[in-house]
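Please keep the sequence and the model in view while reading the points below.

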Amino acid sequence: PTLIATNTILEELSSADTPLTISFGSMDRNFRDGVFINELEIGYEGESVASFDRVTVHMGLFSLLRYAAFGTGDLEVEAEGGTITIPEGMGGGSAGASAPSSFSLPPVLDNYSITLYVHDTDASIMEAAKLSDIEARITLDHGIDGLMGEVKASTIAFSGSGIDGSAEGAALSFSYDDGINADLSISSAAASYDGYEGTAGKISASAFIPLSFDLKDAEALVSAEDISATGEEGWAKVSALSASYKENLISASIDGASASILGIDATIAHAEAATADADDIKLVIEGIDASRGGVTLLSSDMLDLNISIGERSISIASESADTGLISEGTDIFPLVSLGSLRADATLSDDGIRFSALTSAVFSSEEEEFSGTALDLRLSGLIRDGKADDVSIEISDLRLPGVDESARLSFSYEDGALSFSGRYGRYLSVLGSYNG
């Protein structure tokens, strides 16, 4: 019966109206072990896509009885010593041809529950990727609706568009029922491109795609560990990275990031970002430190960044931050500590309108200046690359050892500059300049 079932399937597959063709050298049978198909070859549109030294077909006792009574049964197929080659353009059809609306198997396979076990096999995919030592177990439960399986490869090498890479210990499991479910894991990976090199430790990914192929109902999750990249400009490392997609919400996070690029050294303890429909993007950065040549560019426990694509705006908020960028190049105030910071910018037809509100304390090696503090409010418009309609207000300006505070304000509009100042109750000054 096993031989009869095998012959029936092979004959119907060979005669089916399909671009697939099947041929083999010889067939042997053994009551205990099943049917042996030697030198099996599978072709696609006249081109060989797979060949196996031996394929063994097993049918258990209960399946034998069911086949004898109903013409159906469970088949276990083992293929070994094979080579799989997927050429470029396979399944693409002729130019202008429309893609099939659905995928179906030859009807003869609907009569069987088939388990395919492949081992000791290599594969080449469109001359861009090579898989070594493949082990796969795939089950078809009376048609495509019951498809499930797992594929493993000890190594994967890929190249194309200037990218060369490899992956070790790859495993993919999948199923096809209410949708397409897939899980991928890779022990390690490496890639290089135009002088840049990157490596990653464990990589995991999972995805669900509904049969409707409506991405609103799809889900995906990707994570990676021990990521590093190097190039002529510097290097970067990330301890852990994750990204997910569900119900139109895209989110991502990183932990333990560090980099040294173009002379700037930076570390980030944790960062996460989220967006819905790619319209509003929210980014939170925790424990950020950045410096250049010993100068602190930015140090903050937390930064909040919000971007609105629809409103063409961006806003930044921080409860506290240190920076030497404001007074870089001077020795009097090498470090400025900012208090609560709120800043935003909006792109309009007139240009970029911006505003900022913060407080600051200046550190200095000069005792008479160290501890200088002020509150700052800034607003303005950048039009055609030039600042216009700018307003700067400095309030509660205090110098160490001085009891009274000062207030300064500056405004610039249409080439005209005006300013005012007040110190305590005793001194005020007004001025203007029109160049």
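A residue counts as exposed when its relative accessible area is over 50%, as buried when that area is under 20%, and as partly exposed in between. Glutamate 319, with a relative accessible area of 56%, is therefore exposed. The model described here is a predicted one.

**Nonpolar cores**

- In soluble globular proteins, nonpolar side chains tend to be buried together.
- The largest nonpolar core of this model has 21 residues. Within this core, the residues that touch the most other members are Ile37, Phe52, Val55, Val57, Leu131, Ile134 and Ile156.
- Two or more residues of this core come from each of the strands β3 (34-44), β4 (47-58), β5 (73-86), β6 (112-125), β7 (129-141), β8 (147-160) and β9 (163-176). The greatest contribution is that of β4, which gives four residues.
- Another core, of six residues, lies apart from the largest one. Its members include Leu338, Ala360, Leu374 and Ile394.

**Salt bridges**

- The structure holds four salt bridges; three of them are described here, beginning with the pair of arginine 312 and aspartate 349.
- Between arginine 312 and aspartate 349, the closest N and O atoms are 3.8 Å apart. This pair links distant parts of the chain, as its two residues are 37 residues apart. Arginine 312 is in the loop between β18 (295-308) and β19 (313-318), while aspartate 349 is in the loop between β22 (341-347) and β23 (352-363).
- Arginine 312 counts as partly exposed because its relative accessibility is 42%. Aspartate 349 counts as exposed because its relative accessibility is 77%.
- Arginine 342 forms a salt bridge with glutamate 319, and the closest N and O atoms are 3.0 Å apart.
- Arginine 398 and aspartate 396 meet through their side chains in a salt bridge, at 2.9 Å from N to O. Arginine 398 is partly exposed, with a relative accessible area of 36%. Aspartate 396 also counts as partly exposed, at 33% relative accessibility.

**Aromatic rings and charges**

- The number of aromatic pairs in the structure is zero.
- Arginine 137 lies over the face of tyrosine 117, at 4.5 Å from the ring centre.
- Lysine 237 has its charged end over the ring of tryptophan 235, at 5.7 Å from the centre of that ring.

**A nonpolar patch on the surface**

- Phe410, Tyr412, Leu417, Phe419, Val429 and Tyr433 form a nonpolar patch on the surface. Together these residues have about 530 Å² of accessible area.
- Strands β26 (406-413), β27 (416-423) and β28 (427-434) are the elements that give two or more residues to the patch.
- Tyrosine 412, one of the patch residues, is in strand β26. Tyrosine 412 counts as partly exposed because its relative accessibility is 33%.

**Positive phi angles**

- Most residues other than glycine have a negative phi.
- Serine 161 is not a glycine, yet has a positive phi of about 55°. Serine 161 is in the loop between β8 and β9, and counts as exposed at 72% relative accessibility.
- Asparagine 248 likewise has a positive phi, near 70°. This asparagine lies in the loop between β14 (234-246) and β15 (249-261). At 22% relative accessibility, asparagine 248 counts as partly exposed.

**A pair of serines**

- Serine 411 lies in strand β26 and is partly exposed, with a relative accessible area of 29%.
- Serine 411 and serine 379 are 32 residues apart in sequence. In space, the C-alpha atoms of serine 411 and serine 379 are 9.5 Å apart.

How values were computed: Residues numbered from 1 in each chain as written. Predicted model: local features only at pLDDT ≥ 70, side-chain atom pairs only at ≥ 80, totals over all residues. Heavy atoms only, no water. Phe/Tyr/Trp six-rings, centres within 6.5 Å; stacked < 30°, edge-to-face > 60°. Lys NZ or Arg CZ within 6 Å of the ring centre and 35° of its normal. Core = buried A, V, L, I, M, F, W, Y, C linked by side-chain atoms within 4.5 Å. Buried < 20%, exposed > 50% of the residue type's maximum accessible area, 1.4 Å probe, protein only. Patch = residues over 30% accessible without salt bridge, like charges linked within 9 Å, V, L, I, M, F, W, Y side chains within 5 Å. Areas by Shrake-Rupley, 256 points an atom, 1.4 Å probe, with all protein chains shown as cover.
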